[in-house]
Each structure stands twice: as C-alpha cells, then as structure tokens.
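Take a look at the complex below.

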Amino acid sequence: MIYLLILFPLTMAAVTFALPSNRWRPWLVPVAALGHLGLVVAVFFQPGDGAAVSGLGGWLMLDPLGKVVLGFLSVLFFLCSLYAPGYLALRSDRPNRVFCVNLLVVLAMMTLVTLSHHLGLMWVAMEATTLASAPLLYFNHNARSLEATWKYLLIGSVGIALALFGSFFLAYSSLKAGLESTLLFDQLVQVAPKLSPQWLHAAFVLLFIGYGTKMGLAPMHTWKPDAYGEAPGIVGTLLAGGVTSCAFLAILRVWQICRAGAEAGFAREIMIFMGLLSMAVAAVFMVRQRDFKRMLAYSSVEHMGILVLGVGIGGPAVYGALLHLINNGLTKGVLFLSAGNIHRAYGSKVTDDVRGAIQRVPLSGALFLAGFLAITGSPPFGPFVSEFTIVNAAVGSGQFLAAGLFLLLLGIAFIGMGATVLAVVQGNPADHTTDNDYHDSIATSAPVLLFMALVLLLGLYVPPPLESLLREAAAFLAVKR
Amino acid sequence: MVQLLDPLLIVALALNFVALGVSRIRAVINAVALQGILLGIMPLFVHPEIGLRGILLVVVTIGLKGFVIPRFLTHAMREANIQHEVKPVVNFMSSLLLGAVGTGLAVVFSYTLPLADEHTDSLLVPASLSTVWTGFLMLTTRQKAIMQVLGYLLLENGIFLFGLLLLEAMPFLVEVGVLLDLFTGVFVMGIIIYHINREFASISTEHLTELKE
C-alpha cells in the first residue's frame, strides 16, 4: 500500500507522457491527483497502528508527522490539479507534455519525502523534487524564466548538497561515538543521547542551512522571488505550499534527533533567530514592492520564518506551526492562483500597469484581496488561528522578546503587503490594459474558491480529526525516545 | 592497499588546482573527470573487502563521474561553441592562491576535528574539505554556466570523499540514488545551458541580471 502512494503518481506520469493529445493530457493530472487523494485516505484509515504502514525494512514509514504533511500535500495538489486543465487550455499554444509529467513526478517525490525514515533516502527525494520542478519554472520559455530556473536549480542543488554533507556528519557522529554508523531516523533518535555532540552540532548547522535553502529562509532565500515571480501560478502554489513544506519536514526530522540528543537548546536558538530574521528580511522587501508576484515570494519567506520560529518557541507553538503549515499552504493557493489570473488579464504583474482588478476580473480581484487579509493574519481566516497560537505560546512561556518582534514584523508585513495589494485591486483599470480577452471562468476560479473556502473553514473551526492528528504529530515531535 | 589511498588523494587535490588555474573549459572538464575516476576507485582502497555491490558501485561511479557526465558537458560546450572562461570575477592567479589557502586551512582544521581514532591519520577529511572549498570557489567566481556546473561537481566530489568514511552507513540504494540525482541534475543544467545559449547567444551568467530588486 505504501509503495502505491509513490508508484501510482509515477505510473500516471508515464501514462501522461505517452498520451499524444495536448488538449486532453492536462485532464490526466486531476485524475491522478484524485487517485492519490483516495490512496492517502485509504492509508489513513487502514486498521492497525502506524507500524502497519511501512516498507523497505523500516525505511518508509507513515508516522503522525508524515501523516499531517502527506494529507495536506495531497489536498493541496488535488486543488491545484483542478486548476491545471483550465490554465493549460488558455496556454494551448505551448506544448504541455513536460509540464504535466513533471507535476506528477513532483507529487510522487514529495510523497516519498513524507514517508522516508532514512535520511539518505529523504535527501534523494528532496533533490529529486528540485530537479523535477525546474522544468515547471521554465514553462514560459523566455529570458526571465530562464534566469529564474538557472538560479533555482543552482542555488537549490548547492544548498541541498550541503544537506547531504550534514547527513554524513550525522552518520559520523554515531561512528565517532563508537556506534554503528547509520542514517535510519528511528535508530538515530534512539541513540541520540550518545551521539558525539560536536559532530551533531555541525550536522545540524549544515542540514539546517541545506534544507533551509530549499525552504527559502533568509538569507538563503535569494532564488525565491525570481522563481515565484516567473513561475505560473499553479507552480508557485506547489513550490510555496508543497516543496517548502517538505523541506520543513526534513528540518523537523533533524530537529527531533537534536532534541533527543544534547543539542536541543542550541537548535532552538538558531530556529528562533532564523525565523525572526526571515520575517524581518521579508518585511523589508515587501514594503514598496511593485511586482505583486515577487511580493508573494517574500510573503512565503515570511511564513517559512514563522514555521521555524514556532518550532523554536516550542510547547503549544509546535502545534501552531503545524497548523500554520496547512493554513499557509492553502492561503498561498488562493494568492498565487488569483495573482496568476490577474497577471493573465493584464499581461503584467507590476502595480504601474495593474489597477482596478476588482473591476476587470471581479472574482479573482476579490479573492486576491481576501487571500491577502487571510495571510496577514486577519480573523476569521485560518492563519489568524495558527499565528495566535504561536504568539500565545511564546507569551505563555515567557519569551516576550520573540513574541513582541513577531507581532511587530507581522504588522510591518501587513502594511507593506497591503499597499501593493490595494494598488492592484482598487482604482480604475487603464484603457490599454483591458483589450485582452481573458475573463474569470469556472475553470480558473473554482479551484481558488475551494482553497478560500478551506482557509475560511480552518479559521472558524478545526475539524476534530484534523485537530487530533495535529496533536498526535506535535506529541510525536515532543517525545524523547 | 590502504597505503595507496593517500597518493590518490594527493593527485585528486592537485586536480583541484588544475580546475582553478586554467581557463580552457575542456581542460577543466578533463580534470574533473579524472578526479571522478580516482574517487570511483577509492572505495577499493578504503574497504578492501567490498563485496559485489561495492564493485557495482565503483563501476557506476566511474562510469557516471568519469565518462557520462564529462561527455555530456563536452557536448554542451561544443553546442554552445565556447572554449574559455574569459573573465572570471576573481582572476586565475588569485583563485589558485585562494585555493591554496583554503587547502592549507582544511589540513590545519582537520587536525582540530574530533575524528574517530582510525581516521586521525587519513588525508580523507582534509581532501574532502578542500575539494568542497574549491567547488564553492568555482561556483562563485566563474561566469560561464558550464564552469558553475563543474564547480557543483567538485562540491559533490568533496562530499563524496567524506562519504568514504561511512561506506557502511550509506546503503547501496542511497548511493545509487545520490549518483542518479547528480546525473539528472547535470543533465537538466545542461539543457538549461543550451537554452541560455540560444536565448542570449552566450552562456555567460552575467546576462542573467534582469531579475533583481
């Protein structure tokens, strides 16, 4: 069963590759996504404990943490896939074979990351997501997307090479301690107290920088504005919601080993510092940002910062961070897809040209505005709940400085982002920008509405099964085994 | 057998300097390819009782790092019709100097590292750190996209050297996966290089400056 989760999307990728029709091929993506979602649901409700869902002699295992990320990814991908046929129909001039195939390969590799309990295997899967998503960025085949793809590929590969170096250090720390060297996650957590502290220390730094690059934490975020700025909206959603969440999961796994070992305090300090730094850098660059897609990239940097900050603060904030992972990903779906629609309607993504989106494309404009309110933490949307949980935990555990800075930076981001978003949405569209025949249709708006509905739902009410799953995952992270 | 490892490592280190000091891209590709072959045979010296899977790994490593990837890069170079790195950000003399300083520091630094007893005399750790450093130098100071890919390859070679200390921990499947990722990575980079060349009639990354704040 566990193998099917990975093999099914790969098989569908092969089928997609074989299908000759440019017109019908995009429809295979939602079909594959629905199948994946079905498999995930089936695995979740499989009887027996977690160990029942494992494979390759313990290399693959579905633990509570993996469940949260996998379930979220599957929903995210499904909603994105609904957008694909409508979007690709608008771009019928471009061949979409590579695009559709790579979407499914990315899904398979993200699934593999969530299931990996071997740090080497996880590394291979993580690098594979980078490689499979690079052609997605280059979909538009122009000079700007070329530059973005090159930066993404090179910075991502180098970053992740450092993560491999860190994984080796981790294995060496057990060798140095006189134990058998291993990269199996469960064994490492078990022997963590005995691991050589110096090597563990160095391993954490390298792994954090490596996977942090993939997550897009400042100051390793430089590829992000270029990549998200040039990528089609659907790819932006997958990267900002999916791939970065996988990298966050990788960091959580490493953190868990450090926590069980002697490095908990050090790791937490780094995470709080890097989290706040990412938020600060993002806030600075969001102010007066004229390009609204680049602005979304900085918003992603900000929210990646919030995730590691939440884990660094600890306690109930870990639950908040996991909830925020879901809220952020879904809200990014609203923002990237509606921004993509606005971009299409105006043929531009800078606020000099784009004005009055709410008149030109009423639905996308309204959703973009609502998505902005949600992501900046306004009630009654989901991110408000998760951010509130994190602040609450910080204040409750006496970390007033972190809590104060967190609120201050959220405020700056709200103002910076608000100026750009309002410039896009309000006003009257200039005459020359309305001669393009794009209009909101069901195909390109319904998936965005679904994303928005989920964001609103999570703001009003976290369903008990989800809540218990998140609690389980937070407990799984907290346990010292 | 194990005594032969250090001379091999010294040759591999010397190749780092070749890669840093010459402008002919062909020469750099050859240096990196030769280093790949040396790296490929090293597991035989580190763990003499290596078994069938180890032999297979040796063959795959040599094949990919020594032949397939260099062939592919040579092809990309011809396709793009460039032979030289013309103006690196840091000139060749200074690159060599930086490389030498880095290698010296790597040696000194490895003596201070808390290595396991059986590794304290080995050149593996300094060679690994120095090669990683060389890779970073190439990545940051060269403007031609192919040279940056070669820098990335050197970086991976350096990490591979460290991995030799832990051959037992890295199962066969993962090793092959890492190599496969490396190959696919270079392959995708090669395709992008081809497109950069077509778009700008040059593969210098100095043209890639449109996206900034």
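Predicted model: local features only at pLDDT ≥ 70, side-chain atom pairs only at ≥ 80, totals over all residues.

Which residues of α2(A) are buried? They are Leu28(A), Val29(A), Ala32(A), Ala33(A), His36(A), Leu39(A), Val40(A) and Val43(A). These residues lie on the same side of α2(A), because they cover an arc of only 135 degrees around the axis. The spacing of such a pattern has a simple origin. An α-helix has 3.6 residues a turn, so residues three or four places apart point the same way. The other side of α2(A) holds Val41(A) and Ala42(A), which are exposed.

The helix itself spans residues 28-44 of chain A, 17 residues in total. From first C-alpha to last, α2(A) reaches 24 Å. That is close to the 24 Å expected at 1.5 Å a residue.

Now turn to the interface. Here 35 residues of chain A are in contact with 32 residues of chain B. On the side of chain A that touches chain B, the elements giving two or more residues are α5 (119-137), α6 (143-176) and α9 (223-230) of chain A. Which of them gives the most? It is α6(A), with 19 residues. Sorted by class, this side of chain A has 21 nonpolar, nine polar and five charged residues. For the complex, the predictor reports an ipTM of 0.92 and a pTM of 0.95.

Chain B comes next. Its fold has seven helices and zero strands. From the N terminus on, the order of elements is α-α-α-α-α-α-α. Chain B is as compact as a globular protein of its length, because its radius of gyration is 18 Å, close to the 17 Å that the globule rule gives for 213 residues. Along the principal axes, the C-alpha atoms of chain B fill a box of roughly 50 × 35 × 35 Å. Of the 213 residues in chain B, 45% are buried. Among contacts in chain B with a separation of 6 or more, 73% join residues 24 or more positions apart.

How confident is the predictor about chain B, on average? The mean pLDDT of chain B is 87, and 99% of the residues score at least 70. Among the elements of chain B, helix α5 (residues 124-141) has the highest mean pLDDT, 94. Helix α7 (residues 172-200) of chain B has the lowest, 84.

Note on methods
Residues numbered from 1 in each chain as written. Chains lettered and ligands numbered in written order. pLDDT = per-residue confidence, 0-100. Helix = DSSP H or I, 4+ residues; strand = E, 2+ residues; numbered from the N terminus. Contact = placed C-beta atoms within 7 Å. Nonpolar A, V, L, I, M, F, W, Y, C, P; charged D, E, K, R; others polar. Expected span 1.5 Å × (residues − 1). Buried ≥ 20, exposed ≤ 12 C-beta atoms within 10 Å, placed from the backbone. Arc of directions from axis to C-beta. Rg over C-alpha atoms; globule rule 2.2 N^0.38 Å.
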